[in-house]
Amino acid sequence: MAKIAVYVSGSVAAFKAATLVRELQRQGHTVRVGLTAAGARFVPPATFYALTHQPVLVDLWDQQQGPVPHIELADWAELSLVVPASADLIAKLATGLADDAVSTTLLATASPIMVAPAMNSHMWAKPATQRNLAQLKADGYRILLPTTGPLAEGYSGTGRLMEPADIAVAVADFLAQNQALAGRRVLVTAGGTREPLDPVRYLGNRSSGKMGLAITEAALAAGAEVTLVAGTVSVPLPSHPRLTIERVTTTAELQAAVDQAAPEADLVIMAAAVADFRPKTVAPQKIKKQAGQAGLTIELVKNPDILAALGAKKRPGQVVVGFAAETTALLANAEKKLAAKGADYIVANDVSQAGSGFGTATNRVTLLQPHREPQAWPLLTKEEVGRRLIATLAARLQAGEQQ
Ligand code: PMT
């Protein structure tokens with residue numbers, strides 16, 4: 001059963017949040033409540049205090065609730081629900097504003113957030129509201145869409161809060177899905193490695209880390225304990241109570257971190273772009289060009305193949321996944337990697353295609369497995385690729401357990 005924070009903002013539908021709190025408690029969840037100032041005008045904190053027997057967060061500066069009450073609630077919650085979500089609160093969440101207890105706590109929480117809008121139908125239809133909702137969806141919020149019917153204003157339209165019983169069902173579905181990797185350990189590599197040439201130069205690649213981080217987020221959302229081995233990345237790294245991050249630069253460091261974490265992992269996903277070669281020697285001082293020098297030859301030596309080593313020594317039940325970054329003959333090259341590396345899956349991406357591969361927000365991948373037809377996925381956001389991949393792998397782990 002989950003720890004759920006319910007945030008109530010200014011809408012006449014705020015009274016329905018009390019019914020939802022009761023329903024969630026009936027399902028066995030522990031519920032705490034935060035109210036915006038406008039939400040507290042519709043339903044006073046005393047109502048939720050009586051229902052939950054827990055202090056209700058209204059004031060960012062209320063010292064009676066501890067030194068940093070919003071962070072305490074943000075860290076406590078395993079799931080956050082915004083019910084009802086007013087247009088104003090949705091706009092704040094979409095822009096990252098944090099100017100009261102509720103918006104600050106929602107910005108601070110690492111828990112998944114479900115948002116159930118309720119407002120006048122004209123406010124709902126406004127481009128600004130729809131833009132803000134699209135932003136929330138892109139940021140990974142789950143939106144529980146309002147229904148159409150009679151509004152408090154006396155006319156009909158879209159903007160009615162989803163019924164509390166339906167919200168409770170959506171929560172139950174989400175939590176069931178969210179438990180798919182509960183108790184599992186997942187190791188993810190992300191970003192690129194850099195191989196030094198001298199104190200100021202290196203051989204590297206264009207990996208941003210977005211793909212590996214999307215997988216990390218999806219594994220966390222599915223309840224896993226995650227170790228992220230991150231090379232060079234150009235996006236911020238997440239923080240989460242179930243996430244351990246190891247920063248590495250070179251392939252040798254990545255290998256050491258992977259070797260450390262892999263034996264405990266149920267699932268290893270190698271999304272990092274790892275250098276196949278490194279300079280044979282690293283010059284102790286900056287390499288200077290000499291007068292009359294026409295060129296410079298750098299001798300490279302092969303790096304160990306970390307994925308192949310994992311594939312060769314994987315323990316029963318462990319699932320090992322590699323990526324293949326290809327610019328030609330995607331399937332043929334990825335098939336070869338699947339066999340050569342002993343991986344259970346290869347996620348092949350054609351990195352020469354627009355919108356796919358290094359640095360992009362989206363990816364078009366094909367999933368390969370031994371003795372199965374390749375599965376080509378459409379162009380998706382990297383977040384969606386991460387979620388689909390984690391859902392596929394969680395099902396594989398569960399199926400493996402039942403054999
Ligand atoms: O980080 P982004 O900007 O979001 O870009 C995502 C990505 C394109 C980097 C990612 O989707 C991807 O394809 N990652 C794998 C890149 C890569 O190194 O591919 P490869 O085909 O060279 O290697 C195949 C597999 O072997 C990979 O899982 C790689 O991690 C692994 N490998 C490679 C070399 C090596 N010495 N050891 C390895 O373990």
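Predicted model: local features only at pLDDT ≥ 70, side-chain atom pairs only at ≥ 80, totals over all residues.
Residues are numbered from 1 along each chain as its sequence is written, and side-chain values use heavy atoms, leaving out hydrogens and water.

**Entry: Ile-298**
I found Ile-298 in the loop between strand 14 (277-279) and strand 15 (300-302). (Strands, E, at least two residues, and helices, H or I, at least four, are DSSP runs numbered from the N terminus.) Together with Leu-203, Phe-277, Leu-296 and Leu-300, Ile-298 forms a nonpolar patch on the surface, with about 420 Å² of accessible area in total.

**Entry: Val-6**
Next I went to strand 1 (residues 3-8), where Val-6 sits. Val-6 is buried, at a relative accessible area of 0%. I listed its contacts (heavy atoms within 4.5 Å): leaving aside residues up to four places away in sequence, Val-6 touches Val-21, Leu-24, Val-31, Arg-32, Val-33, Gly-34, Leu-81 and Val-83. I also checked Pro-84, which is 78 residues from Val-6 in sequence and 9.3 Å away in space, C-alpha to C-alpha.

**Entry: Thr-216**
Thr-216 belongs to helix 10 (residues 210-221). Thr-216 is buried too, with a relative accessible area of 0%. Not counting residues up to four places away in sequence, I saw Thr-216 touching Val-188, Val-226, Leu-228 and Leu-243.

**Entry: helix 5**
Which residues of helix 5 (residues 87-95) are buried? My list reads Ala-87, Leu-89, Ile-90, Lys-92, Leu-93 and Ala-94. These buried residues pack against strand 3 (79-85), helix 6 (101-108), strand 4 (113-117), helix 7 (121-125) and helix 8 (127-138). Just after helix 5, I noted that Gly-96 takes a positive phi of about 80°.

Note on methods
Patch = residues over 30% accessible without salt bridge, like charges linked within 9 Å, V, L, I, M, F, W, Y side chains within 5 Å. Areas by Shrake-Rupley, 256 points an atom, 1.4 Å probe, with all protein chains shown as cover. Salt bridge = Lys/Arg side-chain N within 4 Å of Asp/Glu carboxyl O. Buried < 20%, exposed > 50% of the residue type's maximum accessible area, 1.4 Å probe, protein only.
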